[in-house]
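Have a look at the structure first, and then we can walk through the ligand site and the backbone.

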Amino acid sequence: MKAIRRFTVRTVLPAVLQELDELAQNLRWSWHGPTRDLFERLDPEVWRDVKGDPAALLGALTPDKLDRLAADPEVVDAVHAAAADLRTYLTAPRWYQGAGDDLPEAIAYFSPEFGITTVLPQYSGGLGILAGDHLKSASDLGVPIVGVGLLYGAGYFVQSLTRDGWQVEDYPLLDPDNLPITLLREDDGLPARVSLPLPGGRTLHAHVWMAAVGRVPLLLLDSNIPENDDLARKVTDRLYGGGGEHRLQQELLLGVGGVRALRLWSRLTGAPAPEVYHTNEGHAGFLGVERIAELVGDHGLTFDEALEAVRSATVFTTHTPVPAGIDRFGTDTISQYFGGSNEIPGVPLDRILALGAEDYEGGDPTVFNMAVMGLRLGGRANGVSLLHGEVSRGMFNGLWSGFDESEVPIGSVTNGVHAPTWVDRRLSELAEDRFTPEELEDATGWLRPDGVSDAELWSVRRELRSQTVEDARRRLRASWRLRGASPAELGWVDDALSPDVLTIGFARRVPTYKRLTLMLRDPERLKALLLHPERPVQLIIAGKSHPADDQGKRLIQQLVRFTDDPEVRHRIVFLPNYDIGMAQMLYPGCDVWLNNPLRPLEACGTSGMKAALNGGLNLSILDGWWDEWFDGENGWAIPTADGVEDADRRDDLEAAALYDLVESQVAARFYDRDEFGVPKHWMQQVRHTLATLGPKVQATRMVADYVERLYAPAARAGRRLNAPDHSGARDLARWKSTVRGDWAHVRVDHVDSEGLGEAPKVGDRLAVKAYVSLGGLSPEDVDVQIVHGRVLETDEMSSFVTESLAPVETYEDGRHAFGGEVVLEASGPFGYTVRIVPRHAGLANVAELGLVANA
Ligand SMILES: *Cc1c(COP(=O)(O)O)cnc(C)c1O
């Protein structure tokens, strides 16, 4: 039956129900309960069968059924009301519309994956979920973002297990016609298309699909189209499918093709061109190359001028402190794509190679590093938690080797999660019922015992736990059926887990550093915790291993084998195929969310935030966001054996600490009940978590941070350089070239000081005069700085401050004197030095050129 021609027949909705199409196509339904209620009401049974997919529901309703619905005035009214509500959501002014005058008109957000709903499985883990939450929260805030990504034919894989506990991967093909996306078309109705050259004279074409994420459009490029040869069709076959060149082609399509898709989108819809480009990880880095090529080709800028213009308006977010998590390609491969007959006029291959070159100590000269390119093309860069920012500054210090680690221009914006997606409706509706919007905004409502009593909150928590247990049993049964068990063997599943036992959740991808099996370090100890006669613990575990990672699969197998033991299988379960749908059922019901990565390898982590928003307490290594926001009351910190070199020993120590904590604190407190069966102290911690973490962990806070700290400054910088005629970019490029050329002559010749007596004390003034040579540069081109602070025993300066000295005299031959004063503000060992750095209003930070002349 090879010659089957397939197409999708669309349902024709009766005119009065036409708006259902709009409601199904806009993904706001995925985080808006009332819209989902409406779909469920149309046919609860079908709704259950299609697992809550509105487009599938509409497709499954018979014409007969539709006619009956159309004849029911209540249904028709409800549809109109829901559509009107959606229209208001899409058009009314929101936070952004009142947040300032010079905010960007549009921002492009590039990511290789987007996790929005189970119905659109285009994500593998945290990076994608974060991107989805970013778009949803931008929509809620009215931030004019456009998402750009790829449409993968099979998304990430579906996970199941063999009898033996080995991970099996399936790649069910998605039919775009059945997804809530629409094809971008030219005015003549034909699909709009982007094309880019491949080596060997081949061309890669792609169509552009559009998903509506509330107010935010998401453009997804799809190479599986007839215009492509067979290989090119496979470029978007799978998320993180192949290695090497397949991956590179995906990233070219995302970066270069993504910019072209944005141009198409603007031309066809009249949408404004983005003023700021944000790349979520380095995968989309080629977007900068494409924008340079545009400026060179269409506006006659030189490469250097275009680079300035592009950098100024680009934000790069790094997500991994694990070097293996960074994409690196051979320079020879990159040369095939951007050299020879593929070389873009005015964009020389060697300039592109230089962008990703690891030309620092310890770097590999044969590789092209996407994170390095991200940092060189991004005028502003950040990590995703305070700790990760710090770790990233250390990791990339080599790119700014003359500067102290603390001056490496990588800041941080701590991740957040989209509350309407992740908070169970029982809890959010209870909160809306009892608290004012202000109390919800600052979450103080949860601290008011007269708002919701402990007993009531505890009973809601039990309902949530019960829902999670039910869902887990269903999944466990389905998994065992796939593993070959017959229904008769599965009676025990009905009693697996209990709605009254302390429930600990652990779900995440399974790279080694997340240490899925740390809990198995001492199996007997774990068993004793699970089977404790008065204070038992139950564990629900899930996670996918990357298909190519056999080590990860072995960890899963080891864990699954433990959970298969009849002695403990009612208290510890592994649920296959962790995805958004499972996550939404899992987080709310867990009393405790466990996270035990190898510090500091977890950049941020977000699953614990989702648990916290539902009143779960975190039990975690002090890594990522937990290092920042653990406060002693909102959960527990698992002590780390930082500095213990022997990995086995470190695991032993940290696992022992984990068991101790669970036994002596977590379980003890959970089972410490008052006369009504309520754990008072526990509930205090739950309230405290909801009240204090509630506002911080939300992605609306995160997106507002991005707007204020990164997008707005990037837009201002971009406008300064680009308007009019890119004259600012030309000036800055010319100035940088002069400064670079002259820097060899810049030095501190001599420093004089006076004002301090034999025994300096706090409040004394130190007068400093520095004699410097600037070659051909003028005093305005530089900042001569006194750097002062506490001196450590190692002779290094800690937490130093820099202050500018003022030009006081000019001599012959480019020599100048600068002077100033420092007030001694703290007692203890003090030290200072003088240095010269370039100065220009167009620089985003002191280290931008990497140039510094130290005394
Ligand atoms: C939140 C989430 C993640 C990311 O969790 P981390 O704590 O960052 O590892 C991964 N997968 C799914 C399905 C999620 O919902």
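A polar contact here is a pair of N or O atoms within 3.5 Å; within protein, one must be able to donate a hydrogen and the other to accept it, and residues adjacent in sequence count only if both atoms are side-chain atoms. Please keep in mind that this is a predicted model, in which local features need pLDDT of at least 70, side-chain atom pairs count only at pLDDT 80 or more, and totals for chains, interfaces and linings use all residues. Residues are numbered from 1 along each chain as its sequence is written, and side-chain values use heavy atoms, with hydrogens and water left out.

| Residue | Atom of the residue | Atom of the ligand | Distance |
|---|---|---|---|
| Lys610 | N or O atom in the side chain | oxygen | 2.6 Å |
| Ser607 | polar side-chain atom | oxygen | 2.5 Å |
| Thr606 | polar backbone atom | oxygen | 3.0 Å |

The protein covers 95% of the 390 Å² of accessible area that the ligand has on its own (Shrake-Rupley method, 1.4 Å probe). Around the ligand are 15 residues, the closest being Lys514, Tyr587, Thr606, Ser607 and Lys610; to be counted, a residue needs a heavy atom within 4 Å. By class, this shell has 6 nonpolar, 5 polar and 4 charged residues, where Asp, Glu, Lys and Arg count as charged, and Gly is among the polar ones.

Which helices each supply at least two residues of the shell? They are H7 (126-141), H22 (580-589) and H23 (607-613), helices being DSSP runs of H or I with at least four residues and strands runs of E with at least two. H22 gives the largest share, 3 residues.

Now for the backbone. Most residues other than glycine have a negative phi, and most peptide bonds are trans. Arg599 and Pro600 are joined by a cis peptide bond with omega about 0 degrees, and Pro600 sits in the loop between strand S20 (592-595) and H23. Another cis bond runs from Ala723 to Pro724, with omega near -20 degrees; Pro724 is in the loop between H27 (699-722) and H28 (727-742). Ala443 has a positive phi, near 60 degrees, and is found in the loop between H18 (437-441) and H19 (454-482).
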